[in-house]
Amino acid sequence: MAAVKYLLHALFGWKSRAARQPQVVFSSVTTVKWYDTLALIIMRQKVAPDSVCVDVGCHIGKILDEMMRLAPQGTFFAFEPLPDLYAGLKERYTQPNVHLSNAALSDKQGTTTFNHVITNPAYSGIVKRKYDRPLEDDETITVPTARLDDILAAAGIGKVDLIKIDVEGAELLVLKGAEATLKRDKPIVIFEHGLGATDCYGVKPDDVYDLLVDRCGMKISLLENFLLDLPALTREELNDQFYSRKNYYFVAHP
């Protein structure tokens with residue numbers, strides 16, 4: 001409970017009387033909202049006014065908005081493969097420091113089939129994930145793919161500070177396509193990684209651990225543990241979090 005007090009106070013700046021009763025608020029916060037809350041706290045701590053930030057799976061721009069607020073002199077790269085959502089982003093973000101792409105980030109450049117969940121666009125992805133609601137309506141479309149390393153090199157970006165990845169199970173493909181950036185910059189990477197999506201790609205936690213920790217020299221933590229400066233996850237602990245469904249959002253860091 002002390003950790004919950006700290007995190008809610010860090011986000012909302014609560015005064016002492018409110019901070020003494022965090023359980024009332026926490027009980028009303030959904031799991032997704034809790035992850036969003038922790039991600040925002042991390043961003044507020046780690047994003048500088050001139051940071052380079054990457055939003056993979058931009059959707060309607062909620063996280064991109066926060067990145068831009070925190071880094072008014074920053075540079076932003078945002079990726080959204082769904083054509084209708086991308087069109088909306090193009091209308092909203094006309095600033096020269098915002099680079100939008102209608103591509104699904106992956107480990108290679110080209111094209112791919114893409115499962116568009118019409119009734120629940122947030123569940124769309126390269127591979128059809130498991131649904132937790134009945135009667136979803138989906139269709140198969142074709143979208144371009146790109147590698148983050150190639151995009152950043154073409155733009156002449158020297159250092160990336162923060163990457164957010166929410167791609168319904170395709171996170172390892174994104175990370176593989178950004179391996180040079182990860183090794184060089186060791187940015188903060190907030191990413192989703194969970195059963196029901198990741199396993200549909202045949203990916204296991206060991207694969208993510210191999211890339212981020214063994215090959216890129218980074219660490220993986222739970223969001224709240226990172227904020228509280230607790231030890232990073234071991235390989236066994238990451239597997240336990242994944243297969244027991246205890247958490248499905250993580251942060252990679254130096």
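The model is predicted: local features need pLDDT of at least 70, side-chain atom pairs count only at pLDDT 80 or more, and totals for chains, interfaces and linings use all residues. Numbering runs from 1 along each chain as its sequence is written, and side-chain values use heavy atoms, with hydrogens and water left out.

**Confidence**
- Mean pLDDT (the predictor's confidence in each residue, from 0 to 100) is 90 for the chain, and 89% of residues reach 70 or more.
- Over residues 12-29 the pLDDT is below 50; this stretch has 15 contacts (heavy atoms within 4.5 Å) beyond near neighbours in sequence.

**Strand pairing**
- Strands β2 (residues 75-79) and β3 (residues 98-101) pair in parallel over four bridges; pairing takes at least two DSSP bridges.
- The β-α-β crossover from β2 to β3 passes through helix α6 (residues 83-92) and is right-handed, that is, clockwise from the first strand over the helix to the second with the strands pointing away from the viewer.
- Helices (H or I, at least four residues) and strands (E, at least two) are DSSP runs, numbered from the N terminus.
- Phe79 stands opposite Ser101 in β3.

**Nonpolar cores**
- The largest core has 45 residues, of which Leu182, Leu212 and Ile220 touch the most other members.
- A core joins buried Ala, Val, Leu, Ile, Met, Phe, Trp, Tyr and Cys residues through side-chain atoms within 4.5 Å.

**Ser106**
- Ser106 lies in the loop between β4 (104-105) and β5 (110-117).
- Ser106 counts as buried because its relative accessibility is 5%; buried means under 20% relative accessible area, exposed over 50%, partly exposed in between (1.4 Å probe, protein chains only).
- Beyond four places in sequence, its contacts include Thr145, Arg147 and Leu173.
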